[in-house]
Amino acid sequence: MGENSKKHWTHTLAVEHPEVYLPFLEKVDDRADTEVSTLIRLLEGQGHGSGSTLLDAPCGIGRHSLRLGYLGYNVTGIDLSPLYIEIAKQKCESENVTAEFIIGNIQKLQTSLGDRRGYDVIINMFTSNGYFGKSGDIAMFSRFREVAAYDATLVVQTVNRDWLVRNFEPEGMGKAGDFRVIQNRTFEFETSTIMNNWEFWEGSGPDIRHRLSIEMNHRVYSLHELMELLEQTGWTVVQSFGASDDQMSNLKPMGFDSRVMWLVARAR
C-alpha cells in the first residue's frame, strides 16, 4: 500500500494526529518493565549483554529503549512520529539515560539511519509489523538484516494470528487518558488481514468531541508463517515462545492460549 492517491494510515496516525494515540502508549508504559526483563534474558542467552548496540524499530515514545539504555545497551530508537521521538528525547534527558532517537521511516531504513550500521541487536516490539502487508514485512525484515552485524540477533514480539482468529471480536472500545477509541473490525481470511475502522473521541458527556476516523489494514501471522518470512529475509529463527498479555515474564511453548508470540532469530 503506497501513498500515491492518499497518505498511508501510519502517517495519518503517527505524524498528523499522534496525540490521539499517545495516551494508549503511555497507558502500557509499565508493561515495558516486564518486557525488557524478558528481552534481557533472551538477549543474554544469545550472548548480547550490556554494551551491545541495539536498534529499536519502531520505538514509539521509547518505552523499551530508555530501559535498555539505562541497563547499558547502546540504543538507537527510530520512529515515524516527531512527537513520540521528542517525548523519548525529553525522557532520556530527564532520566539521565544515554540513548539516541531518530525520526525516520523503517520502510526506508537505510536513508533514515544514514551511516549507522552493524547493530548487534534489533528489536521489533508491540506488534509493529503487518502495517504494509506481507510484501512490506519482507522489505522491512530484509532492511533489518542489511543494517545488522554478521552475528546479530533479532527479537520480534507480535500478536498470534491463531489466537486472534479463535478469539476474534468484531467490535471493541478502549480508553486511555481523556481519549476513547471505538473499534470495528472484519477479518479477511484470504490474506490474514484485519480490516480496522477506529474512531477516536476526546472528553466525556456533553463535551465529548470526535477527533479522528481512520481505516487501517493490518496483516497478522501464525508462528510458522512468520518463521518462513524471517527465513526468507536473511534470518534463522532459533527460539519461539508464547505468552498472554499479563504473563510476559512467563514465556512458554506456543499454545492455543498464546495471545502473543516472541521470536528470536539470528542473522545468516
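The axes of helix 2 (residues 18-27) and helix 5 (residues 82-94) come within 10 Å and cross at roughly 45 degrees. That angle makes helix 2 oblique to helix 5, where angles under 35 degrees count as roughly parallel, over 145 as roughly antiparallel, 65 to 115 as roughly perpendicular and the rest as oblique. This is a predicted model, in which local features need pLDDT of at least 70 and side-chain atom pairs count only at pLDDT 80 or more, while totals for chains, interfaces and linings use all residues. Residues are numbered from 1 along each chain as its sequence is written, and side-chain values use heavy atoms, with hydrogens and water left out.

**Helix 2 and helix 5**

- Pro18, Glu19, Tyr21, Leu22 and Leu25 of helix 2 make the contact with Leu83, Tyr84 and Ile87 of helix 5, contact meaning heavy atoms within 4.5 Å.
- The residues of this contact divide into seven nonpolar, no polar and one charged; Ala, Val, Leu, Ile, Met, Phe, Trp, Tyr, Cys and Pro count as nonpolar, Asp, Glu, Lys and Arg as charged, and the others, Gly among them, as polar.
- Axes are lines fitted to C-alpha atoms, for helices over the stretch in contact, and angles run from 0 to 180 degrees between N-to-C directions.
- Helices (H or I, at least four residues) and strands (E, at least two) are DSSP runs, numbered from the N terminus.

**Other helix pairs**

- Helix 3 (residues 31-45) and helix 4 (residues 63-70) have axes that come within 10 Å and cross at roughly 55 degrees; the two helices are therefore oblique to each other.
- Helix 3 passes helix 4 in a right-handed crossing; a crossing is left-handed if the near helix is turned anticlockwise from the far one by less than a right angle, and right-handed if clockwise.
- Ala32, Asp33, Glu35, Val36, Leu39 and Ile40 in helix 3 meet Arg63, His64, Arg67 and Leu68 in helix 4, and by class this contact has five nonpolar, one polar and four charged residues.
- For helix 7 (residues 133-146) and helix 9 (residues 223-232), the axes come within 9 Å and cross at roughly 50 degrees; this crossing is right-handed.
- Lys134, Asp137, Ile138 and Phe141 of helix 7 make the contact with Leu226, Leu229, Leu230 and Gln232 of helix 9, a set that divides into five nonpolar, one polar and two charged.

- Four strands form an open sheet in the order 6-7-8-9 with antiparallel pairing, two strands being paired if DSSP finds at least two bridges between them.
- Strand 6 (171-176) and strand 9 (209-219) stand at the edges, each with a single partner strand, so one side of each is left without a neighbour in the sheet.
- The twist averages 20 degrees from one strand to the next.
- Strand 6 pairs with strand 7 (residues 179-188) in the antiparallel sense over six bridges; Asn184 in strand 7 is the bridge partner of Glu171.
- Helix 1 (residues 9-16) lies across strand 8 (193-202) and strand 9, running at about 135 degrees to strand 9.

**Aromatic pairs**

- The count comes to eight aromatic pairs, where rings of Phe, Tyr and Trp (its six-membered ring) pair if their centres lie within 6.5 Å, and planes under 30 degrees apart count as stacked, over 60 as edge-to-face and the rest as tilted.
- Tyr21 and Trp198 form a tilted pair, 6.4 Å centre to centre with 35 degrees between the planes.
- Tyr21 lies in helix 2 and Trp198 in strand 8, so the pair ties together parts that are 177 residues apart in sequence.

**Backbone geometry**

- The peptide bond from Ala57 to Pro58 is cis, with omega near -5 degrees; Pro58 is placed in the loop between strand 1 (53-56) and helix 4.
- Asn96, a residue other than glycine, has a positive phi near 55 degrees and is found in the loop between helix 5 and strand 3 (100-103).
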